[in-house]
Amino acid sequence: QVQLVESGGGLVQAGGSLRVSCAASGRTFSAYAMGGWYRQAPGKEREFLASIPWIGGSPYYDASTKGRFTISRDNAKNTLYLEMNNLQPEDTAVYYCAIAPSGTTFDYWGQGTRVTVSS
């Protein structure tokens, strides 16, 4: 059974930085797999932020990240990361990690970690 467990969320002041992590267990993912990060702000739909091939390859970012977010992964630890800089109150949301085992559909999701940015 695949489990994705996020951590690292919390309260940060505007302009600050935070790194959220996503530890995956229960399955070994192939080179076709893709890891991704989404977020859902209060009253809004879940939105895509970034993705990265599980092995090798280059990350892809939604324009909304505006160069402030960096996605990475540590294959040895089976962990996905999202580094967020210059956070603003509008970045307040629950952040979710997800994995697409075949690289197409994100089938596995974490429970989410809440990030709150105060002004």
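These legends describe close-up views of a predicted model.

**View 1. An open sheet of 4 strands with antiparallel pairing.** The strands follow the order β1-β3-β8-β7. β1 (3-7) and β7 (69-74) each have a single partner strand and stand at the edges, so one side of each is left without a neighbour in the sheet. From one strand to the next, the twist averages 15°.

**View 2. The antiparallel pair of β3 and β8.** Strand β3 covers residues 18-25 and strand β8 covers residues 79-84. The two are joined by 6 bridges. In this pairing, Ala-23 of the view stands opposite Thr-79 in β8.

**View 3. Strand β4 and its antiparallel pairing with β5 and β9.** Strand β4 (residues 34-40) is mostly covered, with 5 of its 7 residues buried. Strand β5 (residues 47-53) is joined to β4 by 6 bridges, and strand β9 (residues 93-100) is joined to β4 by 7 bridges. Arg-39 stands opposite Glu-47 in β5, while Trp-37 stands opposite Cys-97 in β9.

**View 4. The hairpin of β4 and β5.** There are 6 residues between the two strands. Gly-43 of this hairpin takes a positive phi near 75°.

**View 5. The largest nonpolar core, with 27 residues.** Trp-37, Leu-80, Leu-82, Met-84 and Tyr-95 have the most contacts inside this core. Two or more residues come from each of β3, β5, β7, β8, β9 and β11 (113-118). Apart from this core lies another, of 5 residues, including Phe-48, Ala-98, Ala-100 and Phe-106.

**View 6. The surroundings of Met-84.** Met-84 is among the residues with the most contacts inside the largest nonpolar core. Leaving aside neighbours within four places in sequence, Met-84 is in contact with Gly-16, Ser-17, Leu-18 and Val-20, among others. The contacts of Met-84 also include Arg-68, Phe-69, Tyr-95 and Val-115. Of these, Tyr-95 is likewise listed with the most contacts inside the core.

**View 7. The salt bridges of Arg-39 with Glu-47 and with Asp-91.** The side chains of Arg-39 and Glu-47 meet at 2.6 Å, N to O. Arg-39 is buried, with a relative accessible area of 7%, whereas Glu-47 is partly exposed, at 30%. The side chains of Arg-39 and Asp-91 meet at 2.9 Å, N to O. This second pair links distant parts of the chain, 52 residues apart: Arg-39 lies in strand β4 and Asp-91 in the loop between β8 and β9.

**View 8. The salt bridge of Asp-91 with Arg-68.** The side chains meet at 2.8 Å, N to O. Here too the pair links distant parts of the chain, 23 residues apart. Asp-91 is in the loop between β8 and β9, and Arg-68 is in the loop between β6 (60-61) and β7. With a relative accessible area of 1%, Asp-91 is under the 20% cut-off and is therefore buried. Arg-68, at 15%, is also buried.

**View 9. The network of salt bridges.** Arg-39, Glu-47, Arg-68 and Asp-91 are linked in this network. The count of salt bridges in the model comes to 3. Asp-91 meets both Arg-39 and Arg-68, and Arg-39 also meets Glu-47.

Definitions and conventions: Residues numbered from 1 in each chain as written. Predicted model: local features only at pLDDT ≥ 70, side-chain atom pairs only at ≥ 80, totals over all residues. Heavy atoms only, no water. Pairing = 2+ DSSP bridges. Axes fitted to C-alpha atoms, helices over the stretch in contact; angles between N-to-C directions. Buried < 20%, exposed > 50% of the residue type's maximum accessible area, 1.4 Å probe, protein only. Core = buried A, V, L, I, M, F, W, Y, C linked by side-chain atoms within 4.5 Å. Contact = heavy atoms within 4.5 Å. Salt bridge = Lys/Arg side-chain N within 4 Å of Asp/Glu carboxyl O.
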